[in-house]
Amino acid sequence: MWLLAVPWALALLVSAAPPGPSAAPLDPASIFSDLSPAELRAVRTFLMERPELGLAPSRGGPLAKNSVFLVELLPPPKRAALRFLAHGGPRPRREARAIVFFGAQAEPNVTELAVGPLPRPSSYRVLGLQGGRAVPFWARPMTQLEYELLHEALVAAVAPLEPLLREATGFGFQNCSARCLTFSDVAPRGLGPGERRTWLVIQRFVEGYFLHPVGLEVLLDHRDPDPQRWAVRQLWYNGRYFGSARELAELHARGALPLARLPQPPARHLFSSYEPRGRFFTGTPTEVHGAKVCEPQGRRYRLRGNRLEYGGWSLAFRLRSSAGLQLFDVRFGGERVAYELSVQEAIAFYGGHSPAAMQTKYMDAGWAMGASSYELARGVDCPETATFLDAYHLLDADGPVRFTHALCVFELPTGVPLRRHFDNDFQGGFNFYAGLEGRALVLRTTSTVYNYDYIWDFLLYPNGVLEAKVHATGYIHATFYTPQGRRYGSRVHSHLLGNLHTHLVHYKVDLDVAGEGPRQLSTHPSCGEGAGRGSWTHGVLQGRGGPAPDGGGMGKGPTSPAPPQHGWVPPPGLTPPPHLPRYHLAVTRRHENEPSSSSIYSQNNPWDPPVTFESFIRDNETIEDQDLVAWVTVGFLHVPHSEDVPNTATPGNAVGFFLRPFNFFDEDPSVASRAPVIVRPLDPPTCSRLEIQRWTPPSPGTCVHPEPFTYNGTYRPV
């Protein structure tokens, strides 16, 4: 067996204490709520007390140990959840997913356990991964302990280079205080299975150090659990490769090495900082506050635990430590639109001349991007009026960690009417004017995965439209400039190359427009690999032909989908970067053992990952009369430029998709809103006396323009 090297059957449920009464709230949405701090502690304590697991604390100690890496909610099976939500069945058993590193055994591995029932766990079982294979120990995510040991090994290995670094950069690793060097690591960590060797980009530790590489990259092999056996395998400096630090140091000592000399960074107005510098040409004021969002009559949404309600919308949400935002039981007008809508993966593929740049293929689920949800700033990341929520993660820690204000909820004026019409009388006046203000409710969090910041939004509109959107910002992943590097990016500063890269984001959309019954899928083969078209009829994927060309999942090509008769539809225009062929919409048969399209292990083992999305659509399964899942990929090609300094800005760097009702309602459901304005002239065509109809107070209040609504509507010669 590949899991725990202990003499007992892994499928055995280990008994401890009898389960106590459930502490979960009564709201049905609570079956999807993230684990509370008490539940996280209970799971860890239960596992730590199991003698057969031989667990040690996560922090400190050796790498070759058994330890708990991650604890998060294990969502209930869909059938059990729907039995509870729709049919009044029993509340599903509440369980946790625990990732355990087993490094202190002859065949080290990573094992996932289901632990429950919560809030008082009394048993656990092994969670099988795709194909029933083990996760090798070398494919595990990085930990704080390994980073600390990596830093120690790096400092010792490059000690011969201290004179070179001091002369070229003014910074160093040895006995430094304000002028220290640091590093960023890239992944995958090798060129094939079984490797765990990482290219480290050496940088000056100043504000925005991601933009301050010094021209040195070091390949450090750290596969062995014993750090004493780690070794530098190669170095790259200023465009050249070297076999050892000593070789590089000797060349420098003989004066035979061209140095990449860097100017000393200024004390203020560093190019990588946010400090204001320069002035706008017009001189319009920026030292006063700009426009703000306000709620003049209070909030128009309701938040109860993890249940969010707004207009016709109702949904449950959670923030997975592993992969981020996840919506469940999404309803409009009381009818379920989707069982699940969730972020799956964020990938960035880079090119470059330096070894670190050409090696970089980031898969951010492997960095636990859901647990990178740091504090949102009131008035900047979210409006001052937003409701802020904390998150609790147990990731690479010996207890739950509170992330203050990790999520926010707010109603956003879109700045454009949801709908409006001016009915011209063509005599200088009008028959009527009517408009409905544009508003959306936003659920937001961020993932700061080292240099990049992703802003994740789900937006709910009053007309039954749901938008999933992600903005990319933060620091670009940049490398040291060499003339050869210009083939792979742009020179964005004197010694800095902004490397060309492609962002891809994957979402899971488990549509249940007509309930949990089977769907049918219509496919219309067209040009392109796996191309087809899907339609929803009465909330059902309506069969009009045979299965997809490969007999299994449907891959969506660049053509638009056939208009559905009745239901919710994804967008037609999700065009992938032309140089990177992929599916931007794939529809597969839903399986309980295919909950995610990626995994936390793919980053360090992309060659043979435990979860392979391609197998979801290449398994030759029929998708007619089945419960189906749509997998949506959005992305963009980022060619860095000098305006990406200090940070990539959000305008122009956002992608997403919409779910829209199509003949699902008799009319636009936003007619239920009491926020429209209707203006009718009482004396047409003179239009000197007007009837203004509103269903909200005449004036919003003092936080906006205090005058009540007025309208004229005429157009006269002057």
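**First stop: the disulfides**

Select Cys-382 and Cys-408, which form a disulfide with their sulfur atoms 2.1 Å apart. A disulfide is here a pair of cysteine sulfur atoms within 2.5 Å. The link of Cys-382 and Cys-408 is left-handed, with -80° about the S-S bond. Cys-382 lies in the loop between strand 16 (361-363) and strand 17 (387-395), while Cys-408 belongs to strand 18 (residues 401-413), so the pair ties together parts that are 26 residues apart in sequence. Strands (E, at least two residues) and helices (H or I, at least four) are DSSP runs, numbered from the N terminus. Both Cys-382 and Cys-408 are buried. Buried means under 20% relative accessible area, exposed means over 50%, and partly exposed lies in between, with a 1.4 Å probe and protein chains only.

Before the next selection, a note on the source: this is a predicted model, in which local features need pLDDT of at least 70 and side-chain atom pairs count only at pLDDT 80 or more, whereas totals for chains, interfaces and linings use all residues. Residues are numbered from 1 along each chain as its sequence is written, and side-chain values use heavy atoms, with hydrogens and water left out.

How many disulfides does a search of the whole structure find? The search finds two. For the other stop of this kind, select Cys-176 and Cys-180, which a disulfide joins at 2.1 Å from S to S. The link of Cys-176 and Cys-180 is right-handed, with 110° about the S-S bond. Cys-176 is partly exposed, because its relative accessible area is 26%, whereas Cys-180 counts as buried at 15%.

**Second stop: the largest cavity**

The structure holds five cavities of 30 Å³ or more. On a 1 Å grid over the protein atoms alone, a cavity is a set of points where a 1.4 Å probe fits but cannot get out, and lining residues have an atom within 4 Å of a point. Grid points are joined across faces, edges and corners, and a volume is the space filled by probe spheres set on the points. The largest cavity has about 120 Å³ of space.

To display its lining, select Ser-58, Leu-63, Lys-65, Ser-67, Val-68, Phe-69, Phe-101, Phe-137, Arg-140, Thr-143, Leu-145 and Asp-396. Which element gives the largest share of this lining? Strand 1 (residues 66-74) does, with three residues. By class, the lining has six nonpolar, three polar and three charged residues. In this scheme Ala, Val, Leu, Ile, Met, Phe, Trp, Tyr, Cys and Pro are nonpolar, Asp, Glu, Lys and Arg are charged, and the others, Gly among them, are polar.

The structure holds 24 aromatic pairs. Rings of Phe, Tyr and Trp (its six-membered ring) pair if their centres lie within 6.5 Å; planes under 30 degrees apart count as stacked, over 60 as edge-to-face and the rest as tilted. Select Phe-101 and Phe-137: the ring centres are 6.3 Å apart and the planes stand at 90°, so the pair is edge-to-face. Phe-101 is in strand 2 (residues 95-102) and Phe-137 in the loop between strand 5 (135-136) and helix 3 (144-157), so that the pair links distant parts of the chain, 36 residues apart. Phe-101 is buried, because its relative accessible area is 4%, and Phe-137 counts as buried at 6%.

Next, select Phe-328 and Tyr-339, an edge-to-face pair with 5.7 Å from centre to centre and 70° between the planes. Phe-328 lies in strand 14 (residues 324-332) and Tyr-339 in strand 15 (residues 335-350), so the pair ties together parts that are eleven residues apart in sequence. Phe-328 counts as buried at 2% relative accessibility, as does Tyr-339 at 1%. Then select Tyr-147, Tyr-350, Tyr-362, Trp-367 and Tyr-450, which form one aromatic cluster.

**Last stop: charges over rings**

A charge sits over a ring if NZ of Lys or CZ of Arg is within 6 Å of the ring centre and within 35 degrees of the ring normal. Finally, select Arg-491, which lies over the face of Tyr-481 at 3.9 Å from the ring centre.

Methods:
On a 1 Å grid over the protein atoms alone, a cavity is a set of points where a 1.4 Å probe fits but cannot get out, and a pocket is an open set with protein on both sides within 12 Å along at least five of seven lines; lining residues have an atom within 4 Å of a point.
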